[in-house]
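Visitor: I have the model open and would like to go through it by questions. Please give the cut-offs as each term comes up.

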Amino acid sequence: MNRTLLAATATALALLATPAMAAEPETSTLSAQTRTNLEAAMHGEAYANLKYLRYAEQAEAAGKPELAKLFRDSANIEANEHFDREAQALQLGGANSANLEDAMVGEHYENVTMYITFAKQAEADGDTKVAAMFRQIAADEGTHFEAYKAALAKLKAR
């Protein structure tokens, strides 16, 4: 699977995870480089989470339940401890309306720019199946954008 897709999906899933047991970092203004490093770390943790879950499925299918458990346990730590602690340090998230607006920006970009660009490049390279997959995912991202937009409108109407 595409690394960007996996990272975006893992990020979304990890945000829904329960908080880690570690103490929350002190909130303060972070340097630009620290913010950049936290974001890079979070992308890595999110990608590792989903990658390890896929590895666990493959291990399970190969009849290796102990290996599958190892991958699942590691995936859980990547998302529910490492990513969560980094998200806290970054102070990721805020008011529901701001979270919805941020989500809309990301989904809109993926819908109209990122996946369309990826599809065109895949087509140019002769990877037509992947191009079709990118276009289908782009459509999904448009659906997500519309759902967030509707939720924001409903939130503002109250």
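Visitor: At 36% relative accessibility, does arginine 72 count as buried, exposed or partly exposed?

Guide: The model is predicted: local features need pLDDT of at least 70, side-chain atom pairs count only at pLDDT 80 or more, and totals for chains, interfaces and linings use all residues. Residues are numbered from 1 along each chain as its sequence is written, and side-chain values use heavy atoms, with hydrogens and water left out. Buried means under 20% relative accessible area and exposed over 50%, with partly exposed in between (1.4 Å probe, protein chains only). At 36%, arginine 72 therefore counts as partly exposed.

Visitor: Which residue meets arginine 72 in a salt bridge?

Guide: A salt bridge is a side-chain nitrogen of Lys or Arg within 4 Å of a carboxyl oxygen of Asp or Glu. Arginine 72 meets glutamate 60 at 3.2 Å, N to O. The pair links distant parts of the chain, 12 residues apart: arginine 72 is in helix H3, and in helix H2 (residues 32-61) is glutamate 60. Helices are DSSP runs of H or I, at least four residues long, numbered from the N terminus.

Visitor: How far from glutamate 107 is the nearest side chain of opposite charge?

Guide: Glutamate 107 lies in helix H4, residues 96-124, and is buried without a salt bridge. Lys and Arg count as positive and Asp and Glu as negative, while His and the chain ends are not counted. The nearest side chain of opposite charge, lysine 149, is away by 14 Å.

Visitor: Which side chain makes a polar contact with that of glutamate 107?

Guide: A polar contact is a pair of N or O atoms within 3.5 Å; within protein, one must be able to donate a hydrogen and the other to accept it, and residues adjacent in sequence count only if both atoms are side-chain atoms. For glutamate 107 the distance is 3.1 Å, and the partner is histidine 144.

Visitor: How far apart are the end C-alpha atoms of H4?

Guide: The expected span of a helix is 1.5 Å times one less than its number of residues. The 29 residues of H4 should therefore span 42 Å, which agrees with the end C-alpha distance of 40 Å.

Visitor: At which residue does H4 bend?

Guide: The bend is the angle between axes fitted to the seven residues ending at a residue and the seven starting there. In H4 it is about 45° at glutamate 110.

Note on methods
Helix = DSSP H or I, 4+ residues; strand = E, 2+ residues; numbered from the N terminus.
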